[in-house]
Amino acid sequence: METFNLTQSSLSTFILMGIPGLEAAHVWFSIPFSTCYLISLLGNVMVLFVVGKEQTLHKPMYLLLCMLALTDLGISTSVVPKTLCIFWFNFKGITMVGCLTQMFFVHATSTMHSAVLLTMAFDRYVAICYPLRYTIILSNARIANLGLMGLIRAVLFIMPLPLFLSRQPFCSNHVIPQTHCDNMAVVKMSCGDITFNRLYGLVIAFLITGLDLMLVAISYSLIFRAVLRISSKKAHQKALNTCTAHICVMLSSSTFSLFSSLSHRFGQGIPPYVHITLANLYFLVPPMLNPIIYGVKTKELRDKFVKYTCRK
């Protein structure tokens, strides 16, 4: 006879522990968490507001910035509010449905975020390599279609994860040593056959993140090849400056995303509190930095920020 108790998925309640081993410091952790989240909300909402209000910014590049802002808001909002409830009020319980819903939005928005960054790399490639045909190749309608394709891809790839887990039996131990419901963290509590989720999660990590990064790398290799053919040093500098913001965003997002995904599977030697703290940086740092990076590096957007800020 099995030594563990099985519970019906629909009646399950999970316990999110926050940062195990550092429970006494939860209140202190809430300070950088809440600060980063508020800055992220303010910066990304400001991007959406300014681009929405200014007709001169209704261009493919700024539409992509709005998509990036929406995914940044989705990534941070899917995790940080619940984390702060754990830190401030010790509200650690989450229903099975709530956990799987959070898991879906965490991974779906991350997948969508990757698609937006890939589209932005393609946008820079067209702008530098085919400047005279830019408006023909990348119209606002085409950007909207690419965004819709990215959303459909995210939903189709991520939906099987919570659907499969919803049919699984879970052991009596419903404690998740995390601040949020991550796929692998929930999978480890199942008493059924979890081979599908383990393999499918790994395939997604490499197929989506890996493939998108490879396509971004190809785009930039073509960009740098085109830039090197330009004889003017001033034109060199101008072309590279148009890519600086996107490169910074790519580095911050991809680094934290890959660490969060791979450390779950291959980071058994990492102390849990170190892994969890660093993994949470993905939900805090990139959404906070992205609007700042583009606000600083994009003159047209920066001028509009100043215009509305001074008016207020």
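Is Cys99 buried or exposed? Cys99 counts as buried, at 0% relative accessibility. Buried means under 20% relative accessible area, exposed over 50%, and partly exposed in between (1.4 Å probe, protein chains only). The model is predicted: local features need pLDDT of at least 70, side-chain atom pairs count only at pLDDT 80 or more, and totals for chains, interfaces and linings use all residues. Residues are numbered from 1 along each chain as its sequence is written, and side-chain values use heavy atoms, with hydrogens and water left out.

View 1. Helices (H or I, at least four residues) and strands (E, at least two) are DSSP runs, numbered from the N terminus. Contact means heavy atoms within 4.5 Å. Leaving aside neighbours within four places in sequence, Cys99 touches Phe14, Ile94, Ile176, Cys181 and Val186. Arg142 is 43 residues from Cys99 in sequence and 35 Å away in space, C-alpha to C-alpha.

View 2. Two strands pair if DSSP finds at least two bridges between them. Strand 1 (residues 13-16) and strand 2 run antiparallel, joined by 3 bridges. Ile15 stands opposite Gly93 of strand 2.

**View 3. A nonpolar patch on the surface.** Leu148, Leu151, Ile152, Val155, Leu156, Met159 and Leu163 form the patch. Together they have about 610 Å² of accessible area. Patches are made of residues with over 30% relative accessible area and no salt bridge; like charges are joined within 9 Å, nonpolar side chains (Val, Leu, Ile, Met, Phe, Trp, Tyr) within 5 Å. Accessible areas come from the Shrake-Rupley method with a 1.4 Å probe; for residues, only the protein chains shown count as cover. Helix 6 (residues 140-158) gives the most, with 5 residues. Leu151 is found in helix 6 and is partly exposed at 44% relative accessibility.

**View 4. The salt bridge between Lys307 and Glu54.** A salt bridge is a side-chain nitrogen of Lys or Arg within 4 Å of a carboxyl oxygen of Asp or Glu. The structure holds 6 of them. In the pair of Lys307 and Glu54, the closest N and O atoms are 2.8 Å apart. Lys307 lies in helix 12 (residues 299-311) and Glu54 in the loop between helix 1 (26-53) and helix 2 (60-77), so the pair ties together parts 253 residues apart in sequence. Lys307 is partly exposed, at 33%, whereas Glu54 is buried, at 8%. A network of salt bridges links Glu54, Lys304 and Lys307.

**View 5. Salt bridges of Arg124 with Asp123 and of Asp212 with Arg153.** The closest N and O atoms of Arg124 and Asp123 are 2.7 Å apart. Both Arg124 and Asp123 are buried. Between Asp212 and Arg153, the closest N and O atoms are 2.9 Å apart. Asp212 lies in helix 9 (residues 195-228) and Arg153 in helix 6, so this pair ties together parts 59 residues apart in sequence. Asp212 is buried at 3% relative accessibility; Arg153 is partly exposed at 21%.
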